[in-house]
Amino acid sequence: MMRRSMARLAVLGGACLLGLAARAEVPANGSAYIDASVAAVESMISVQRGQARLPRLADPVEGKVLEDVWNEPAILGAAPYSADDIPALLNIVQKQTRILQIYTLYSPDGGKTPPDTARNTAEYQDELARSHAFLLKVVAASLVAINDFGAHLSKDEKTETRFDGIRQMRLGLQEIVTGVALALRNPALREANQTLLARGLAENAAAIVAGIAPADRAALAAALRAAQPALKPEAKKAVEQFVGVAEKAPCDGLCRLP
C-alpha cells in the first residue's frame, strides 16, 4: 500500500508542478545519491542471497553501505526548501520507503512464505528506525516545499485539479508520520530507537504541523498520546513537545486547505 501511495505522490507532484521553472535547493545530485545508495543496498542483498538475514547497521562493512542511505547533507541538504524541490523530495521519500519495505517485508526463503512483519519490525528495528527518522525530515521539508508551491500560485493556476493533487501529496506524507506514531507503540522498540523517533517528531514538529489540517493534527496528537504508556521518559518528553506544537500552532497556508 505504501509503495502505491508513494508512486502516486510522484505522479501528482509532477502534474502539480507542470509549467513551473526548476531551481532546486536540495543538492543537485541529491536524488542521484539516494538512488545509488539504495541500489547499493539492494545489490548487497542480492550478493548475500541465501543468508538468513538482511544487512545490519551494526556490521562494520554492511553498516557503511547502509549509512549512505541516510546521508542527510548529501541527500537532503538544508533549508530553505521551495516548490522547485518537490520532485527531488518525493523521490527521496520513495527511496526511503523502499528501505522500509525491504526490512518490513523480508522473508528468509525468498518470498516463498509470507513475511513475519512483527518479527521483522522487532529484529530490524535499528535499520527501520533510521529510515523512519530520516523520513520525518524529508516529510517536513516536503510540506514546506508544497506550502511554498501553494503560496505562489497565480489566480489562473489555482485549479481544483491542482488542489486535489496537493491534498493527495499531503495525505501520503501524513501517512508516514502516522506510521511513526504507530511504530512508537511497539513494545519491542528499544529505548534508543524510541528516542530517535520521538526526537525526529519534536525536531520537525513546526514544519509537519504547519502542513496539515486541524482535524488531522488532532488525530495525530491522539495517536501519539496512545503511544505514551509504552515510552521511556526522554521519548515521552519529545512526544509531548510535538503534541504541544500540534495543539497550539496557528493554521495558515497549507493547513487551511480542506
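Reader: How many disulfides does the structure hold?
Author: In this model, which is a predicted one, the structure holds 1 disulfide.

Reader: Which residues form that disulfide, and how far apart are their sulfur atoms?
Author: The disulfide is formed by Cys251 and Cys255, and their sulfur atoms lie 2.0 Å apart. A pair of cysteine sulfur atoms counts as a disulfide when the two are within 2.5 Å, so this pair qualifies.

Reader: Is the link left-handed or right-handed?
Author: The link of Cys251 and Cys255 is left-handed, with -110 degrees about the S-S bond.

Reader: And Cys255, is that buried or exposed?
Author: Cys255 is buried, because its relative accessible area is 1% and the cut-off for buried is under 20%.

Reader: Changing topic to helices, at what angle do H11 and H12 cross?
Author: Helix H11, which covers residues 214-227, and helix H12, which covers residues 233-248, cross at roughly 160 degrees, and their axes come within 9 Å. Angles over 145 degrees count as roughly antiparallel, so H11 is roughly antiparallel to H12.

Reader: Which residues meet there?
Author: From H11 there are Arg217, Leu220, Ala221, Leu224 and Arg225, and these meet Val239, Phe242, Val243, Ala246 and Glu247 in H12. Sorted by class, this contact of H11 with H12 has 7 nonpolar and 3 charged residues, with no polar ones.

Reader: What about H2 and H3, how do they pack?
Author: Helix H2 (residues 30-47) packs with helix H3 (residues 62-69) at an angle of about 150 degrees, and their axes are 8 Å apart. That angle makes H2 roughly antiparallel to H3, and the crossing of the two is left-handed.

Reader: Which residues make the contact?
Author: On the H2 side they are Tyr33, Ile34, Ser37, Val38, Ala40, Val41 and Met44, while H3 brings Glu62, Val65, Leu66, Asp68 and Val69. By class, the contact of H2 with H3 has 9 nonpolar, 1 polar and 2 charged residues.

Reader: One last thing, where is Gln194 found?
Author: Gln194 is found in helix H9, which spans residues 191-203.

Reader: Buried or exposed, that Gln194?
Author: Gln194 is buried, with a relative accessible area of 2%.

Reader: So what does Gln194 touch?
Author: If residues up to four places away in sequence are not counted, Gln194 touches Leu184, Leu189, Ala230, Leu231, Lys232 and Ala235.

Note on methods:
Residues numbered from 1 in each chain as written. Predicted model: local features only at pLDDT ≥ 70, side-chain atom pairs only at ≥ 80, totals over all residues. Heavy atoms only, no water. Buried < 20%, exposed > 50% of the residue type's maximum accessible area, 1.4 Å probe, protein only. Axes fitted to C-alpha atoms, helices over the stretch in contact; angles between N-to-C directions. Helix = DSSP H or I, 4+ residues; strand = E, 2+ residues; numbered from the N terminus. Parallel < 35°, antiparallel > 145°, perpendicular 65-115°, else oblique. Contact = heavy atoms within 4.5 Å. Nonpolar A, V, L, I, M, F, W, Y, C, P; charged D, E, K, R; others polar. Left-handed = near helix turned anticlockwise from the far one by under 90°.
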